[in-house]
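Trainee: Can you walk me through this one? I would like to go element by element.

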Amino acid sequence: MRHNNKSLIVLPAALLAAAAVTPAQAATLDDVKSSGEFTCGVSTGLTGFSSPDENGKWTGIDVEVCRAVAAAVLGDPEKVVFSPLTAKERFTALQSGEVDVLSRNTTWTATRDNSLGLNFTGVNFYDGQGFLVRKDLGIESATELDGASICVQAGTTTELNMADYFKAHDMQFQQVAFDTSDQTAQGFDSGRCDVLTSDSSQLAALRLQLADPDGVVILPERISKEPLGPVVRQGDDQWFNIVKWTLFAMLDAEELGVTSDNVDQMRDNPPNPDVARLLGKDGTFGEQMGISNDWAYNIVKMVGNYGEVFERTVGMDSPMKLERGINALWNDGGIQYAPPVR
């Protein structure tokens, strides 16, 4: 949903943060229902997370969060406009009202949560920063990177983590910064730098874009915690709750065994009270948020549960071939966990 307040983009960040919590911007749900769509900020193109396919259709785990919100609120996962944003643009676009949700492989940090007028609604992918190098360099550990030139995307926590890591290990490096992840990969591929650094999932995606994907290796170290998740403006608790519980519903559905294939059967004949509450057969959990009680049913039916989305976007059913790892559910060896619907 694009609001008619583009002039806010030129204001200082502090003023934007203050503007984000004014009553004028506290009715996002009303605006979305009135327009019949909302705008979701995504990356300019990162395989597995948010990128347009050959037909221009946006795909990826971050994109599916946006579609799930549209399914929950509007009953149609296609009622979302995708706005590609660079790392530098993303927060201003959300603060100013240019986008209603930011779902763009964005790390949840204290500064971002406390000083930008924004709220992180959860974590849809737990990650950690790594390093990618050419195999012919013979490097086996990040501790061997003293003096290296490193390609990195500007305006990200990646820059700060890298500086901290090299300082802690008393090593030097030369930073080669780019505006987008694609440019960063191209810079590495053309020999502008010795090393490419980013979140490990992004490295797996960017590796697929290189001229010789088999000629590179991701080093074993993970030098940071990168909880990635969707973000909304502060000052609108109703919209915050909707986006937050959209993600929670996808996780709860997987834990309860509710899939896009069996959700109709599960709704008609709930095997237990938890499923009945999730799918709207019992309680008024949707009405509590200002949306229909079949909100979670629509999410699972039209988009899928978290596991389904993970596998087809970044998991073993995708070109990324990422293991679930710590993104597995809490009862399956991972740390993904959602509060119950009750």
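Trainee: What kind of model is it, and how are residues numbered?
Mentor: The model is predicted, so local features need pLDDT of at least 70 and side-chain atom pairs count only at pLDDT 80 or more, while totals for chains, interfaces and linings use all residues. Residues are numbered from 1 along each chain as its sequence is written, and side-chain values use heavy atoms, with hydrogens and water left out.

Trainee: Sheet first. What is the strand order?
Mentor: The open sheet has 5 strands in the order β10-β9-β11-β8-β12, with mixed pairing. Strands here are DSSP runs of E with at least two residues, helices are runs of H or I with at least four, and both are numbered from the N terminus. Two strands pair if DSSP finds at least two bridges between them.

Trainee: Which strands stand at the edges?
Mentor: β10 and β12 (216-218) do; each has a single partner strand, so one side of each is left without a neighbour in the sheet. The twist averages 30° from one strand to the next.

Trainee: How many bridges join β8 to β11?
Mentor: There are 5, and the two strands run antiparallel. G130 stands opposite S198 in β11.

Trainee: What lies across the sheet strands?
Mentor: Helix α8 (residues 200-207) lies across β8, β9, β11 and β12, at about 125° to β11. Axes are lines fitted to C-alpha atoms, for helices over the stretch in contact, and angles run from 0 to 180 degrees between N-to-C directions.

Trainee: Now α6. Which of its residues are buried?
Mentor: T157, T158, E159, N161, M162, Y165 and F166 are. Buried means under 20% relative accessible area, with a 1.4 Å probe and protein chains only. Those residues pack against α5 (110-115), β8 (129-134), β9 (148-153), β10 (173-178), β11 (195-199) and β13 (226-228), where contact means heavy atoms within 4.5 Å.

Trainee: And what comes just after α6?
Mentor: D170, with a positive phi of about 50°.

Trainee: Why is α13 called largely enclosed?
Mentor: Because 6 of the 8 residues of α13 (residues 295-302) are buried. They are W295, A296, Y297, N298, I299 and V300. Their packing partners are α3 (61-74), α9 (237-255), α10 (263-268), α11 (273-278) and α12 (285-289). After α13 comes G304, whose phi is positive, near 115°.

Trainee: Last one: is N105 buried or exposed?
Mentor: N105 is buried, at 9% relative accessible area. Leaving out residues up to four places away in sequence, N105 touches S43, L46, F49, D62, R90, Q202 and L228.

How values were computed:
Buried < 20%, exposed > 50% of the residue type's maximum accessible area, 1.4 Å probe, protein only.
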